[in-house]
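Please look through the sequence and the fold below before reading on.

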Amino acid sequence: MQLTFTAPLWRWDARQDDAWWFVTVPPDESDLLADLPLPPRGFGSIRVHVTVGATTWRTSVFPSKDQNGYVLPMKKAVRRAEGLDADAPVRVTLETIDV
């Protein structure tokens, strides 16, 4: 499954350092991910191949009760390479792996 969406970049407030940044997968796309028949993985994660701008990498999206959907971690290297700042809209394409 491939999904494309735009959502803001945000920092996880539970951490006071600059290490944990995310983009929340919008509700409709999160619902599609939640409906996938997946083998059990840690924290209900789903492995994905992600493209933001010219940067592509593999990671996992995780369900978040606080965000009412899945969240995509955004590595510092990606944020720097793509010039992303807090609350900036991020255009994301993600494709599920092993589904």
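Phe22 has Pro73 in β5 as its bridge partner, and this belongs to an antiparallel pairing of β2 with β5 over 3 bridges; strands count as paired if DSSP finds at least two bridges between them. The strands themselves are DSSP runs of E of at least two residues, and the helices are runs of H or I of at least four, both numbered from the N terminus. The model is a predicted one, in which local features need pLDDT of at least 70 and side-chain atom pairs count only at pLDDT 80 or more, while totals for chains, interfaces and linings use all residues. Residues are numbered from 1 along each chain as its sequence is written, and side-chain values use heavy atoms, with hydrogens and water left out.

β5 is also joined to β4, again in the antiparallel sense, by 3 bridges, and here Tyr70 in β5 has Pro63 opposite. The hairpin that β4 and β5 form has 4 residues between the strands, and in this hairpin Asn68 takes a positive phi near 55 degrees. Of the 5 residues of β5, 5 are buried, so this strand is largely enclosed by the rest of the structure; buried means under 20% relative accessible area, exposed means over 50%, and partly exposed lies in between, with a 1.4 Å probe and protein chains only.

These pairings belong to a wider arrangement. The 6 strands close into a barrel with antiparallel pairing, in the order β1-β2-β5-β4-β3-β6, and neighbouring strands of this sheet are turned by 45 degrees against each other on average, direction ignored. Between β1 and β2, which run antiparallel, there are 3 bridges, and Leu9 stands opposite Val23 in β2. Helix α1, residues 27-34, packs on the sheet and touches β1, β3, β4, β5 and β6, while its direction makes about 115 degrees with that of β1. Such angles run from 0 to 180 degrees between N-to-C directions, and the axes are lines fitted to C-alpha atoms, for helices over the stretch in contact.

In soluble globular proteins, nonpolar side chains tend to be buried together. Leaving aside neighbours within four places in sequence, Val92 is in contact, meaning heavy atoms within 4.5 Å, with Leu3, Thr4, Phe5, Val23, Val50, Thr51, Val52 and Leu72.

Ile46, in strand β3, is buried with a relative accessible area of 0%. Not counting residues up to four places away in sequence, Ile46 touches Leu33, Leu38, Thr59, Ser60, Val61, Tyr70 and Thr96. Ser45 lies in the loop between α1 and β3, is buried at a relative accessible area of 8%, and has contacts with Ser60, Val61, Phe62 and Pro63 once its neighbours within four places in sequence are left aside.

The aromatic residues give another view. The structure holds 3 aromatic pairs, where rings of Phe, Tyr and Trp (its six-membered ring) pair if their centres lie within 6.5 Å, and planes under 30 degrees apart count as stacked, over 60 as edge-to-face and the rest as tilted. The rings of Trp12 and Trp20 have centres 6.1 Å apart and planes at 80 degrees, so this pair is edge-to-face. Trp12 is partly exposed at 36% relative accessibility, and Trp20 is partly exposed with a relative accessible area of 36%. One aromatic cluster is formed by Trp10, Trp12, Trp20 and Phe22.

For the protein as a whole, the secondary structure comes to 2 helices and 6 strands, and the elements run β-β-α-β-β-β-α-β from the N terminus on. The radius of gyration is 13 Å, close to the 13 Å that the globule rule gives for 99 residues, so the protein is as compact as a globular protein of that length; the radius is taken over C-alpha atoms, and the rule is 2.2 Å times the number of residues to the power 0.38. Buried residues make up 40% of the 99 residues.
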